[in-house]
Amino acid sequence: MEFTASQIAGILEGEIEGNPEIAVHKLSKIEEGEAGSLTFLANPKYTPYIYSTEASIIIVNKDFVPEQSLSTTLIKVEDAYKSFSKLLAYYDQVKSTKTGIESPVHIADSAVYGKDCYLGAFCYVGNNVRLGDNVKIYPNAYIGDNVVIGDNTIVFAGAKIYSETQIGRDCVVHSGAIIGADGFGFAPDDEGVYSKIPQTGNVILEDHVDIGAGTTIDRATLGSTILRRGVKLDNQIQIAHNVEIGEHTVIAAQTGVAGSTKIGKHCMIGGQVGIVGHILIGDRVKIQAQSGIGRNVRDDEVLQGSPALNYGDFNKSYVHFKNLPRLVNRVESLEKKNGN
């Protein structure tokens, strides 16, 4: 796909300095720019590259004034970084404008889908499935019975959406994600033999939720496992049965959340965090990577460590921990002097 400077400036509401008809067909870093590529300058430390890059078009802030002559076309905007991000989103949208039904696919007679949908080869769409407008289901995806998927949602190749799952508008489910598998529910009898507890609930993803590759979200035992509007999950995360995650919370890779825990709004949870079940985590909580959370957490707490401590307390404690060998040597030296 090719775009001219004039088209890009129209999308970004920017001003052109240079050739409005020059075209680009790829994106690049400013230091690696080639003819036919588009890049941007937002961080001042990269300014020297604007005079040597061969990129055809560069997005810059409106207050940028070159100190040397330039051989490239500039598009001046209020915020170069945000504008480039907007352009990436636009490019991604254009790139994924597939429509139609490939062959072979299985679509149940009772399934319904809206306009401009895409169903890739070898995907399976079960009974009573309802797909909104502009939904994209990529090859080898599985959509179980009674699933509902809202407008503009994308399910990438190989994802598995189990029965009864409800997915809102403008969501993204990446390859290998599994949504709606049974929660980990087993009960031992008197002899210690475990029997399965039926998992009869479902999973609900509200609008604008992103699910990373290989992430798993279990259906509820009763009721629903719920990810509220705007939640973003990284790759390889485990969300157990009956968990609820509040609006616009983000969670990094390899984190595990045990059953029935409730996480608040606008939280930030780092990678490899472990969270026990049946606890409440408040709003705007920040949890550092590799922390272990075993208690209720109040609003606005910042935690680190395992078991997790207040972030400031953890850092103070870590200073003492690092000094333990020296302190032990001092104690042993004093004991020797005192004849102990």
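## A space inside

The structure holds 1 cavity of 30 Å³ or more. Here a cavity is a set of points, on a 1 Å grid over the protein atoms alone, where a 1.4 Å probe fits but cannot get out. About 130 Å³ of space lies in the largest cavity, with volume taken as the space filled by probe spheres set on the points, and grid points joined across faces, edges and corners.

Who lines the largest cavity? There are 13 lining residues, and Phe-3, Leu-27, Leu-38, Leu-87 and Tyr-91 lie nearest the centre; a lining residue has an atom within 4 Å of a point. The elements giving two or more residues to this lining are α1 (5-12), β4 (26-27) and α2 (80-95). Of these, α2 gives the most, with 4 residues. Helices (H or I, at least four residues) and strands (E, at least two) are DSSP runs, numbered from the N terminus.

## What you're looking at

This is a predicted model, where local features need pLDDT of at least 70 and side-chain atom pairs count only at pLDDT 80 or more, while totals for chains, interfaces and linings use all residues. Residues are numbered from 1 along each chain as its sequence is written, and side-chain values use heavy atoms, leaving out hydrogens and water.

## The sheet

Now follow the strands: 10 of them form an open, parallel sheet in the order β9-β12-β15-β18-β21-β26-β29-β32-β35-β38. β9 (106-107) and β38 (292-293) are at the edges with a single partner strand each, so one side of each has no neighbour in the sheet.

Zoom in on β26 (residues 216-218) and β29 (residues 238-239), which pair in the parallel sense over 2 bridges; strands count as paired if DSSP finds at least two bridges between them. Thr-216 sits opposite Gln-238 in β29.

Most residues other than glycine have a negative phi, and most peptide bonds are trans. The bond from Ser-103 to Pro-104, though, is cis, with omega near 0°. You'll find Pro-104 in the loop between β8 (100-101) and β9.

Asn-128 has a positive phi, near 60°, and isn't a glycine.

Methods: 1 Å grid on protein atoms, 1.4 Å probe; cavity = no way out; pocket = protein on both sides within 12 Å on 5 of 7 lines; lining within 4 Å.
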